[in-house]
Amino acid sequence: MAPTTKRPSNSSWLNVLSSLLVPGLGQVLQGERTRGISLFATVIVLAGLIIWQSLSVLFIPLAALWLWGVWDTLQRERGRPSGPTAPFLLAALIVYAAGIKATEIVPRRIITGWPNIQPIVHALVRPELLKHPTEDRIGYLPLQVPCIEPLPEPGENASQEPRLHTNVRCAGMGETIILEGEGFFPEFETEIWWRNPIGDWQKVIKDGIPLTVVTDAEGRFQVSLQVPTTAVPLDRLPGPGETQTHRVEARQHKPYGSLQPTQTLSLVLNKIGETIALAFIATVLAVIFALPVSLLASRNLMWGNPASRAVYYAVRAVLNIVRSVETLMWAIIFVVWVGQGPYAGTLALLLHSIAALGKLYSEAIEGIDPGPIEAIRATGATWSQVVVYAVLPQFMPSFLSFTLYRWDINVRMSTVIGLVCDAGLGFLVIQWIRLSRYNAMATAIIAIVLVVAILDYVSAFLRQRVIEGVPSVRRRGWFRRYAVPAMVTIALLALFVWSWQVAQIDIATFVTGIPDGLRLASRFFPELITRPTEEVSVSAALPVPCGAAEPTPQPPSGPRVNLSLSCASPGDPLVITGHELPPNTRVSVRWLLPDGRYLRIQKDCCDTDSMGNFRLETKVHPLLEVNPQEEQIQPGGVAVVWKQAIGGPRPSEALTTTFNLSLVTLLMALIATTLGSVVAIPVSFFAARNVMGRSIVGQAIYNFSRTVFNLWRSIEPMILAVISASWLGFGPFAGVVALALNNIPNLAKLFSEAIEEIDAGPVEAITATGANRLQTLVYAVVPQLIPRFLAYILYQWDINIRMSTVIGYVGGGGIGQQFRTWVELDMYEAAGAAVLAIVVMVWSMDYISGRVREKMV
Amino acid sequence: MLRVEHLTKVFPDGTVALRDVSFTVQDGEFLAVIGLSGAGKSTLLRCINRLIEPSAGRVIWNDIDITAVKRGELCRIRRQIGMIFQQFNLVKRSSVMTNVLSGRLGYANPWWTLVHRFAPEDHIRARNALDRVGILDKADSRADQLSGGQQQRVGIARALMQEPKLILADEPVASLDPVLAHSILQYLEQLNRQDGITVICSLHFLDLVHRYASRVIGLKDGELVFDGLPSELTRERFKEVYGEEAEMVTVGGALAA
Ligand SMILES: Nc1ncnc2c1ncn2[C@@H]1O[C@H](COP(=O)(O)OP(=O)(O)O)[C@@H](O)[C@H]1O
Ligand SMILES: [Mg+2]
């Protein structure tokens with residue numbers, strides 16, 4: 001039965017025509033509702049994207065998509081429905097083109113920015129771990145730049161031992177001088193440093209490299225060098241006839257004794273402790289809080305009556321909202337509340353953990369099978385016996401594995417939470433990158449990778465034990481039965497107390513700060529709609545001193561401002577009253593100065609009463625005085641200014657910015673996921689055991705790629721963002737690259753697992769039909785891989801959307817960067833709008849990916 | 001005619017799955033292969049089309065030494081040998097039609113097939129094959145939406161697409177209940193009788209052997225321990241193949257070991 005070809009009839013032509021007019025209409029008329037509506041929606045959304053990014057070239061593929069709709073209607077009339085490949089490709093073309101523009105992707109910057117991160121990459125292989133203590137010899141000498149007549153005494157002294165000389169006492173910028181030294185370590189390397197008058201140090205460069213000289217056998221040296229032309233910033237250059245004192249220094253660092261840990265290393269070790277303490281305390285406290293919360297969020301416990309059902313919904317909603325705001329974002333908010341430091345980080349980790357654990361625990365409770373409970377109850381057991389014998393055995397495994405999982409996440413998070421709140425290893429990274437101490441930063445980054453990698457390994461081990469449910473070994477002897485548990489308990493308690501202190505938890509300030517916190521929270525109420533305003537003012541003249549000008553009379557009615565004096569001298573007491581102004585409005589009362597500027601009379605002044613009046617007592621400001629020498633004839637005065645709404649309400653600027661950046665964020669996530677997948681798919685085959693085979697080479701490649709992926713996965717995306725921001729500049733491009741770099745190993749690992757789980761049966765069957773290898777791949781392997789790959793890609797996109805809401809804090813662009821800016825500028829209503837957008841985005845993505853996954857599995 | 005000569009298979013881990021097995025199959029025969037699980041039945045069938053490389057010995061089919069041919073030639077031989085599996089081995093997420101068409105891969109233009117394009121004759125052939133096994137109405141379903149018996153019929157249809165001269169069936173009915181088992185074997189019987197296709201089929205149930213096979217070979221620990229007519233397969237000989245402890249029991253009208 002070959003597909004039949006019908007001749008289009010008259011009504012068919014009508015359908016085709018309507019498709020030409022409105023995309024999708026033809027399909028709807030043909031009875032293909034969903035197809036038509038999706039086509040219509042796609043065209044509208046894509047048109048929106050094109051207009052948003054003003055990429056009018058893209059109207060060509062859009063028109064092609066439109067025409068495809070017409071063609072599809074025609075084909076359908078002929079009874080030959082067409083596949084979705086063409087429209088899908090067209091839509092993808094438009095989305096990616098708009099996305100590349102929106103996320104400011106400029107591949108060239110990958111190369112031009114390379115010099116910026118070269119020192120970082122170099123440093124990563126040379127972390128500061130150990131070094132010899134040094135005995136230092138430092139000689140210095142002041143030098144005046146430039147030369148003037150007469151030359152004043154230099155502002156500082158030269159060193160006595162060792163000693164430096166120059167052939168001149170002063171020099172111009174870029175002039176060559178001869179520097180001699182004596183009294184140094186003999187035959188030893190000496191670095192030459194330069195200090196400018198502001199106090200900044202730099203190494204003296206000669207022939208493009210830092211200048212070092214080696215002393216002779218008597219500890220002397222002689223070298224010629226140029227006064228650095230870049231020593232003084234342009235705005236600090238000396239004026240004509242002035243000179244500045246610079247300093248030239250010769251330094252020797254002679255190592256002695258055995259290797260010692262550097263200060264960097266001890267600081268890093270210290271912060272590793274802080275990182276773990278934060279994660280530990282947050283997890284423990286979160287468990288304590290989440291358990292009762294989870295009871296309230298369990299459907300099976302709360303379904304009884306309408307009141308508890310309402311509680312259930314409320315708790316669920318709060319948990320979901322708290323969860324969809326990332327931990328790092330909470331950290332930024334808590335910094336505003338309790339200040340920089342580990343405490344803010346702990347609170348953020350804690351809050352997010354409570355919400356996440358509360359949800360997971362409640363799901364575990366909902367999953368409890370009532371059967372065993374009934375059975376135990378039927379034996380005549382008491383309530384507590386039922387809990388011990390029927391409830392806990394069901395709840396414990398999921399409880400343990402969820403808690404362990406959260407501890408995992410918390411350690412990862414606390415390594416980077418310092419990027420925003422000065423705590424833990426992340427703080428060191430961000431601090432040292434600002435100071436350009438790359439080797440030190442590399443030490444911190446390596447520490448983060450190690451902490452995460454070790455933790456991964458340990459928790460994989462523990463999880464295995466939990467899942468296998470290792471039966472409690474029969475404990476022989478009192479030592480095993482009592483001493484071991486007691487020691488573990490004491491160790492955990494000690495860990496808890498120590499973590500409590502490291503985390504700087506301060507319940508008192510937290511409680512006393514609650515009103516402040518609530519006030520702060522209320523300021524986060526998003527401002528979505530504003531009415532455009534116009535400043536309106538009324539003023540009254542106040543000549544100072546009297547006779548400087550004529551006072552202007554005030555109108556007897558309407559908005560006006562009256563002064564108790566018609567003219568005054570500086571410092572005279574003055575009463576300002578406003579009348580018939582808009583009632584209950586904040587107005588700004590200002591001095592109008594004779595030179596045209598204005599000064600606010602008092603901060604936070606004033607609010608009008610319900611009649612539109614206000615009263616303010618003050619003293620006449622001295623700047624109001626008219627200065628006849630400067631020909632000021634305009635008298636000063638008092639103005640009252642307020643804002644008056646004009647026109648209807650419209651979206652606030654915060655809302656439009658948020659909308660814009662949310663789209664950018666979604667596209668960032670999309671492009672990063674795409675880039676990550678494109679690279680991950682081919683490389684994942686190297687990490688699949690069944691592909692690499694049993695040969696020695698295959699095993700080696702397999703093990704190597706597994707190890708690389710695991711280590712690479714331990715580099716947190718936030719750290720990648722710090723690096724990529726200094727590589728590619730701040731903005732969404734850096735965020736995209738950081739996310740993509742993070743996605744590659746994650747997806748590769750998931751993909752390789754999918755490949756390992758391929759069913760060999762179909763492969764065998766297709767091979768047996770005489771198909772060649774490529775055909776076997778296409779017909780037996782690819783169909784098995786596509787749905788799982790898609791599911792993982794979707795899952796990664798979901799994670800990327802969450803990540804891209806915070807990656808901006810360290811320069812990755814998108815909504816996160818704007819959020820942090822708004823918080824730092826105290827623009828909390830705008831920040832609130834950003835939070836709202838993030839919650840909406842995360843929720844809709846969760847919903848969509850849930851639906852799609854449902855369809856695919 | 002298929003001649004298996006001194007076939008031996010030693011797996012890399014040292015397991016000897018086949019030990020010097022020799023027998024001959026005339027064109028048009030329905031050969032049953034019996035033996036305990038692990039006796040080497042699957043290995044034997046897979047050595048014939050070289051899904052498993054034999055360690056020693058030869059398989060000669062119509063005067064071609066299959067064990068000696070190169071890869072390209074092997075594909076051309078394989079496409080004339082249909083294979084049916086216990087677990088059906090369909091690509092579960094592909095449609096029934098795609099699964100059936102994939103039986104034609106050895107004949108079709110290799111490049112066009114990479115984008116899932118087949119000649120119109122192949123589509124017609126696929127519909128005929130599906131019609132023949134009675135599930136034409138399922139052509140557009142996804143393979144995993146079918147029942148076990150239906151999936152095995154798709155497997156047969158896929159083999160039919162190859163226009164095979166020989167069908168290797170590895171316990172084609174072991175995952176199906178007895179009634180379905182008969183219906184599947186009836187299709188194989190039909191192919192054997194009407195189309196003259198040689199069938200080599202491993203089976204577990206003695207009554208199925210008696211009912212369908214024209215000849216039987218028995219394997220035990222990789223060695224050929226029986227070669228004869230079904231009627232010669234008495235209870236005693238059956239016990240020899242299956243071991244002393246094997247009891248013949250009647251399950252759903254079928255005798256089983
Ligand atoms: N890939 C393999 N590697 C190692 N041993 C195998 C492999 N496949 C099968 N075997 C072994 O070869 C023997 C024969 O297996 P098989 O041919 O599957 O038996 P049957 O199909 O008769 O149940 C068994 O002992 C089995 O364990
Ligand atoms: Mg078998």
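1. An N or O atom in the side chain of B:Thr43 lies 2.4 Å from an oxygen atom of ligand 1. The model is a predicted one, and this distance, like the others below, should be read as belonging to a prediction. Two further polar approaches involve oxygen atoms of the ligand. The side chain of B:Ser42 places a polar atom 2.6 Å from a ligand oxygen, and a polar backbone atom of B:Gly38 is 2.6 Å from an oxygen of ligand 1. On its own, ligand 1 has 560 Å² of accessible area, and the protein covers 62% of that.

2. Which residues are around ligand 1? They come from chain B: B:Phe11, B:Asp13, B:Thr15 and B:Ala17, then B:Leu36, and then the run from B:Ser37 through B:Gly38, B:Ala39, B:Gly40, B:Lys41 and B:Ser42 to B:Thr43. Sorted by class, this shell holds six polar, four nonpolar and two charged residues. Helix H1 of chain B, residues 41-48, is the element that gives the most to the shell, with three residues.

3. The two chains also meet each other. On the chain A side 23 residues are in contact, and on the chain B side 33. Interface size is often quoted as the accessible area lost when the parts come together. Here the area buried between chain A and chain B is about 2,300 Å², and carbon and sulfur atoms give 60% of it.

4. How many salt bridges are counted between chain A and chain B? The count is one. A:Glu764 pairs with B:Arg46 in a salt bridge, and their closest N and O atoms are 2.3 Å apart.

5. On the side of chain A that touches chain B, the elements giving two or more residues are helix H26 (760-768) and helix H27 (773-804). H27(A) gives the most to that side, with eight residues. By class, the side of chain A that touches chain B has 14 nonpolar, six polar and three charged residues.

6. Over all chains, the structure holds 42 salt bridges. One of them joins the side chains of A:Arg35 and A:Asp72, with an N to O distance of 3.1 Å. A:Arg35 belongs to helix H3 (residues 33-52) of chain A and A:Asp72 to helix H4 (residues 59-77) of chain A, so this pair ties together parts that are 37 residues apart in sequence.

7. Two peptide bonds in chain A deserve a look in the viewer. The bond joining A:Val145 and A:Pro146 is cis, with omega about -10°. A:Pro146 sits in the loop between strand E2 (134-145) and strand E3 (163-166) of chain A. Another cis peptide bond joins A:Glu149 and A:Pro150, where omega is about -15°. A:Pro150 is likewise found in the loop between E2 and E3 of chain A.

8. A:Gln504 is placed in the loop between helix H18 (477-502) and helix H19 (507-512) of chain A.

Key. Residues are numbered from 1 along each chain as its sequence is written. Chains are lettered from A and ligands numbered from 1 in the order in which they are written. This is a predicted model: local features need pLDDT of at least 70, side-chain atom pairs count only at pLDDT 80 or more; totals for chains, interfaces and linings use all residues. Side-chain values use heavy atoms; hydrogens and water are left out. A residue is near a molecule or strand if one of its heavy atoms lies within 4 Å of it. A polar contact is a pair of N or O atoms within 3.5 Å; within protein, one must be able to donate a hydrogen and the other to accept it, and residues adjacent in sequence count only if both atoms are side-chain atoms. Accessible areas come from the Shrake-Rupley method with a 1.4 Å probe; for residues, only the protein chains shown count as cover. Helices (H or I, at least four residues) and strands (E, at least two) are DSSP runs, numbered from the N terminus. Ala, Val, Leu, Ile, Met, Phe, Trp, Tyr, Cys and Pro count as nonpolar, Asp, Glu, Lys and Arg as charged, and the others, Gly among them, as polar. Contact means heavy atoms within 4.5 Å. Buried area is the accessible area (1.4 Å probe) that two parts lose on being put together, summed over both. A salt bridge is a side-chain nitrogen of Lys or Arg within 4 Å of a carboxyl oxygen of Asp or Glu.
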